Amino acid sequence: MESQNMNQEKSCVLVRGWEKLKALPKALMKKVLCICKMSKEIAQDDPRKVIHSLKVGLAISLVSLFYYYQPLYENFGLSAMWAVMTVVVVFEYTVGATLGKGLNRTMATLVAGALGVGAHYLASLSGETGEPIIIGFFVFLQAAIASFIRFFPKVKTRYDYGMLIFILTFSLISVSGFRDDEVLKMAHKRLSTIFLGGSACVMISIFVCPVWAGEELHYSIALKLETLGDFLEAFVGEYFKTSKDEESKDEKSFLEGYKSILNSKSNDESLANFARWEPGHGKFKFNHPWSEYLKIGALSRQCAYRMEALNEQLNSDTKGSPEIRCTIQELCTEMCLESNMALKQLSSSIKSMKRRSSPDTHIANAKAAVKSLNSLLQSSLWKENDLLLVIPAVTVASLLIDIVDCTEEIADSVNVLASIIHFDNLDDDEKDEKSPKEVSQSPTCQCAEPDPKIENSHVVIIVEDSMCDKCNKV
């Protein structure tokens with residue numbers, strides 16, 4: 001019996017192993033198809049990433065000639081490997097990141113190489129017994145000081161990579177020079193190959209389909225404001241059910257778009273740091289006020305946090321009394337739509353780098369609605385209702401008031417940015433979009449006769465008086 005059970009167990013193990021082995025090709029094929037699909041999505045989402053990969057391959061191929069081409073190899077020898085290592089380490093997606101790393105590596109190598117040669121010369125004066133002691137002391141001293149300097153905030157932000165390369169290069173040259181008498185020649189070769197590798201990275205990054213960190217930051221800030229505006233527009237339709245149709249995929253994506261803004265601080269700061277390394281290009285000068293973009297980004301995140309609270313209210317089971325929501329619907333809708341239009345106008349202003357006057361008008365209308373809503377909230381109407389039914393609606397109204405204040409602060413920051421970098425004014429023939437309130441309150445005379453000299457058939461004649469003479473006759 002025991003032998004039979006053992007045989008059955010062995011046969012079951014063999015069967016399971018054979019089944020897994022048969023399924024292995026299908027699983028591998030599924031993985032390969034999944035990777036291919038992911039690669040296609042990444043390439044279609046941003047083709048510049050494919051171009052960046054080709055640029056990296058081109059740079060490595062060029063610096064590899066130091067190994068393949070015999071005359072170059074005879075001049076540099078094994079030190080040519082530092083050029084390849086420099087390309088692998090330095091080449092980044094944006095021009096600013098590549099320039100920052102390249103300059104950090106070059107300057108750190110130059111300074112550390114000079115100090116390393118000097119330390120080797122001083123140590124050699126102390127004789128064979130004292131030379132290793134002096135070199136060890138210098139290595140300890142520079143590593144300790146450089147590591148401490150890395151904790152300085154400004155150094156950590158812009159020169160951290162350079163400090164690492166400084167420690168590495170000084171230590172390598174100092175320690176290698178103890179066994180190699182030609183330390184100056186070794187330092188020269190290493191510095192030359194690193195300079196050539198960094199130059200190849202910078203030249204290809206700038207002149208072959210460049211991706212500027214400044215432009216990335218510029219358009220990402222504009223996209224944040226547009227995303228905030230889309231949320232407010234979708235929130236009105238969902239919370240107050242102004243649209244009879246079911247929630248579409250676009251509305252759902254708009255209601256969740258703010259989440260990408262919540263954790264964007266590190267990305268914005270990285271782009272601003274890289275942008276400071278970039279030369280002037282297009283409308284962006286060398287000393288472009290990138291710090292103002294960070295202020296707008298911080299305000300947009302504050303606004304997004306309030307929108308997250310609004311989204312929680314939207315998904316909450318306790319939304320309060322429908323009658324109370326109906327009471328505040330008109331004013332809250334006006335606040336949302338006016339803030340939405342103001343944010344989108346500010347986004348368009350940043351994208352085009354042109355001033356627009358309509359955001360101030362939309363913000364003024366939103367603040368007027370806030371004033372009316374505050375008066376309504378302070379009235380005795382709310383005392384007649386149950387407090388538990390009032391709290392959800394009042395919470396939504398309070399969050400919308402905060403969002404209007406955030407929108408005003410964002411508009412002030414955009415105006416400061418516009419005054420610093422001198423945004424162009426819109427052409428006279430380019431009209432700003434009117435708010436719904438302005439359009440609905442514009443009085444028109446329907447019985448006015450059109451002027452045959454005017455070719456445009458869509459002209460609206462605005463009459464200040466309530467009725468014209470022909471209307472009085474009727």
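1. R306 and D402 form a salt bridge, with the closest N and O atoms 3.9 Å apart; the term stands for a side-chain nitrogen of Lys or Arg within 4 Å of a carboxyl oxygen of Asp or Glu. This pair links distant parts of the chain, since R306 lies in helix α15 (residues 290-315) and D402 in helix α18 (residues 387-421), 96 residues apart. Helices here are DSSP runs of H or I with at least four residues, numbered from the N terminus. R306 counts as partly exposed at 26% relative accessibility, and D402 is partly exposed with a relative accessible area of 27%. For these labels, buried means under 20% relative accessible area, exposed means over 50%, and partly exposed lies in between (1.4 Å probe, protein chains only).

2. The model is predicted: local features need pLDDT of at least 70, side-chain atom pairs count only at pLDDT 80 or more, and totals for chains, interfaces and linings use all residues. Residues are numbered from 1 along each chain as its sequence is written, and side-chain values use heavy atoms, with hydrogens and water left out.

3. A second salt bridge joins K351 and E226, whose closest N and O atoms are 3.0 Å apart. K351 lies in helix α16 (residues 322-352) and E226 in helix α11 (residues 213-239), so this pair ties together parts that are 125 residues apart in sequence. K351 is partly exposed, with a relative accessible area of 35%; E226 also counts as partly exposed, at 27% relative accessibility.

4. The structure holds 13 salt bridges. Another of them is formed by the side chains of D160 and K156, at 3.7 Å from N to O. D160 is buried, with a relative accessible area of 16%, whereas K156 is partly exposed at 46%.

5. Next, the aromatic residues. The count comes to 10 aromatic pairs, where rings of Phe, Tyr and Trp (its six-membered ring) pair if their centres lie within 6.5 Å; planes under 30 degrees apart count as stacked, over 60 as edge-to-face and the rest as tilted. The rings of F166 and F170 are stacked, because their centres are 6.3 Å apart and their planes stand at 25°. Both residues lie in helix α9 (residues 160-179), four residues apart, about one turn of the helix. F166 and F170 are both buried.

6. F235 and Y239 make a stacked pair too, with ring centres 5.3 Å apart and planes at 15°. They are four residues apart in helix α11, and therefore separated by about one helical turn. F235 and Y239 are both buried. Ring pairs extend this into a cluster of F231, F235, Y239, F240 and Y258.

7. Two charged side chains sit over rings, meaning that NZ of Lys or CZ of Arg is within 6 Å of the ring centre and within 35 degrees of the ring normal. R325 lies over the face of Y239, at 5.5 Å from the ring centre. K101 lies over the face of Y161, at 5.2 Å from the ring centre.

8. The largest nonpolar core has 63 residues, and those with the most contacts inside it are L225, L228, F235, L400 and I410. Such a core is a set of buried Ala, Val, Leu, Ile, Met, Phe, Trp, Tyr and Cys residues joined through side-chain atoms within 4.5 Å. At least two residues of this core come from each of α11, α13 (259-262), α14 (265-275), α15, α16, α17 (358-377) and α18. Helix α18 gives the largest share, 16 residues.

9. M341 lies in helix α16 and is buried, with a relative accessible area of 12%. Its C-alpha atom is 8.9 Å from that of I363, a residue 22 positions away along the chain.

10. Y69 is placed in the loop between α3 and α4 (70-76) and counts as partly exposed at 48% relative accessibility.
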